[in-house]
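Subject: Structure for you to look at

Hello,

Here is the structure I said I would pass on. Please open it first and then read the notes below.

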Amino acid sequence: MRKYTPKDNVQGKAYYTDRYHVVPSVPTFDVATDEVFAKQLATLESKVAVKSAKIMLGQMIVEINAEENFKALETLKNECGYAMLSEMSAVDYLAKDGNFEVFYQMLNLKEVKRMRLVCRVTKGQAVESVVPLYKSANFAEREMFDMFGIVANNHPFMKRILMPDDWEGHPLLKTYPLHGDEFASWYEVDKIFGKDAREAIGPENRDQAQVERYDTKRFSRVGYEVPFGADISEGETETPIEYSKTLLVDYTKNSGKQMDKRK
Amino acid sequence: MQQPNKLSPFFENLNFERDDNTMVINFGPQHPSAHGQLRLVLELDGEQVVKAYPDIGYLHRGIEKMAENMTYNEFLPTTDRLDYIASTANNYAYALAVEKLLGIEAPRRAQVIRTMLLELNRIISHLFFIATHALDVGAMSVFLYAFREREFAMDLMEDYCGARLTHSAVRIGGVPLDLPNDFMRNIRAFCDKVDYELEHTYNALLQENRIWKMRLEDVGVLTPEDALSWGCTGPMLRGSGIPYDIRKEEPYELYPELDFDIPVADTNDSYGRYRLYMAEMAESTKIIRQLILKYDGTEPQLMAHAPQYISAPKEEIMTQNYALMQHFVLVTQGMRPPKGEVYVPTESPKGELGFYIKSEGEPYAYRLKCRAPSFFHTGLLQEILVGTYIADVVTIIGSTNIVFGEVDR
């Protein structure tokens, strides 16, 4: 019987887990333990609804509703001193609870504080673009769209960034296999020869880098050296190595004399 | 509009017939000054850039996807391929992020070696910047001199770890090797050499060079507000007068013990950034000299002692049963960090290199996001290039010091 693999998460998985293994967690702390964070959280809470807040490994993590992301970032930028949006992207939890987690990694340069604003969006839900606040979100939101398919509304140029424009699928989804899907494997054939050529080329020839076992006409093959085009399907015979018969010419002395030994 | 057919194919470099009298040219992706695979679509009005559109992704290898399919130790050599000019900085940023997640700290000698390698990589990367930037602008001889010194630095890296470009010289929890015999003598000689050449070659060739100053001064002006908004870090941020260096502000490794300065330029232009790179190299040699003294008297331990996550030293594995069992489990299954998420920023030669790791307690990272400084500096190009002349485009790209391994990931 074929081994069962869940289709909603095709990424690498541990092949063995001790059933008594209890996964420990990184310790989290209450926001009240840090004065600066507590003050910033109070400011944030006065503007938007905060679902949860904690401190993990020295950084505050605040969860809000996805609809209020722009308002929350505006508050953080203007009132809490978070002048830089270091990074933003998403995490795919579709297999677990049908959501994406979008995170905004913020930096306050004055007080040297970093925090992460997270919000949950369902599949197909868009977030508001924060490009008017932080221009660094311009590329970051495009990358998030490219990798996960989460659209940022009112983005100036919502287009794929790393993958080709005519790509199908979003590579960082957990449902997307590491080696690409069916579309990815035909992409170059479709692009260069057209979809009609799929049948003539066939699935075994679609990879340009593929090396055939008995092909002696191409450069890259592993094994003994055999004459060009020789048939080796019956096995290859070991041929002695032949050295070039050309003798070296001593150009330095300009004599035209041929040297009898390699020097 | 062009009407492409088989006899007259689509001529993608130039688009002549436009209504608004501007010309669209395609800069790259195979342009020697594009520092890799950068395609810039520039709309020109005469010689002035009206619109710039950076098109990236030609070197996309899905490194973040690979991270979700590899165990933590397996992924480490892949980080070499991010910023391939200074690969130890990537290895270190990743190793530090995982160490924070595990809650372990590298032993003292490993810290000295790591910091030394990080600064050596900073010099390698900055020499590369000076070389290629000068070459782009037209000063060929600087390129030759800088590559000579870079060769010495790469020889030092080769002495340490055997590799010249993709080092993997840092492991999660420490370093794999102790320093070789002559390393201290060689690195001291290298520092002397770099200091001497900085003073007598690079500064002499460039600093007061009339052509160099004309090409760089007031070119690529980046205001502090824009630098913050576009997420610029490293020399791009400090070149705009904002003194923020993660080594000082959020210190890691041995940096709190070391005495060094953070050069800042407030001219906001390419020339200020160039001066910054030169000053940072001098600071790096200063740091390395201090680290040479710190190495003596440290315990010989190189990897942290955390049997749950990190294999024991080879002697213990070969002599003790339990260490061998642990090693077997760690190699075949991989370490399982606790559940949690971490974002760790480090000051790589290009800027803030951070790794966001989300762990669900599995041997595979649930999500890994690499915050690459060059990615955001490339995004900046679409604004900073507008209004400049086409001759300055190359200067500005060189000045941002982008590396496409980490832009496209």
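**The sheet in chain A**

A:F29 stands opposite A:I55, a residue of strand β2 of chain A. This is a predicted model, in which local features need pLDDT of at least 70 and side-chain atom pairs count only at pLDDT 80 or more, while totals for chains, interfaces and linings use all residues. Residues are numbered from 1 along each chain as its sequence is written, and chains are lettered from A and ligands numbered from 1 in the order in which they are written.

Helices (H or I, at least four residues) and strands (E, at least two) are DSSP runs, numbered from the N terminus. Two strands pair if DSSP finds at least two bridges between them. β1(A) and β2(A) (residues 50-56) are antiparallel, with two bridges.

They belong to an open sheet of six strands with mixed pairing, in the order β1-β2-β3-β6-β5-β4 of chain A. β1 (28-29) and β4 (84-93) of chain A are at the edges with a single partner strand each, so one side of each has no neighbour in the sheet.

Helix α1 of chain A (residues 35-47) packs on the sheet and touches β2, β3 (59-65) and β6 (113-122) of chain A. Its direction makes about 170 degrees with that of β2(A). Helix α4 of chain A (residues 137-148) also packs on the sheet, touching β4 and β5 (99-108) of chain A, and its direction makes about 10 degrees with that of β4(A). Axes are lines fitted to C-alpha atoms, for helices over the stretch in contact, and angles run from 0 to 180 degrees between N-to-C directions.

In total, chain A has six helices and eight strands.

**A hairpin in chain B**

β5(B) (residues 340-348) and β6(B) (residues 351-359) pair in the antiparallel sense over nine bridges. A hairpin of two residues joins them. B:G340 has B:S359 as its bridge partner in β6(B).

Is β5(B) mostly covered or uncovered? It is mostly covered, as nine of its nine residues are buried (20 or more other C-beta atoms within 10 Å of the residue's own, with C-beta atoms placed from the backbone).

**Where the chains meet**

Contact here means that the C-beta atoms of two residues, placed from the backbone, lie within 7 Å. By that rule, 41 residues of chain B are in contact with 35 residues of chain A. Elements of chain B that each supply at least two residues to this side include α3 (87-102), β5 and β6.

Regards

Definitions and conventions. A residue is buried if 20 or more other C-beta atoms lie within 10 Å of its own, exposed if 12 or fewer, and partly exposed in between; C-beta atoms are placed from the backbone.
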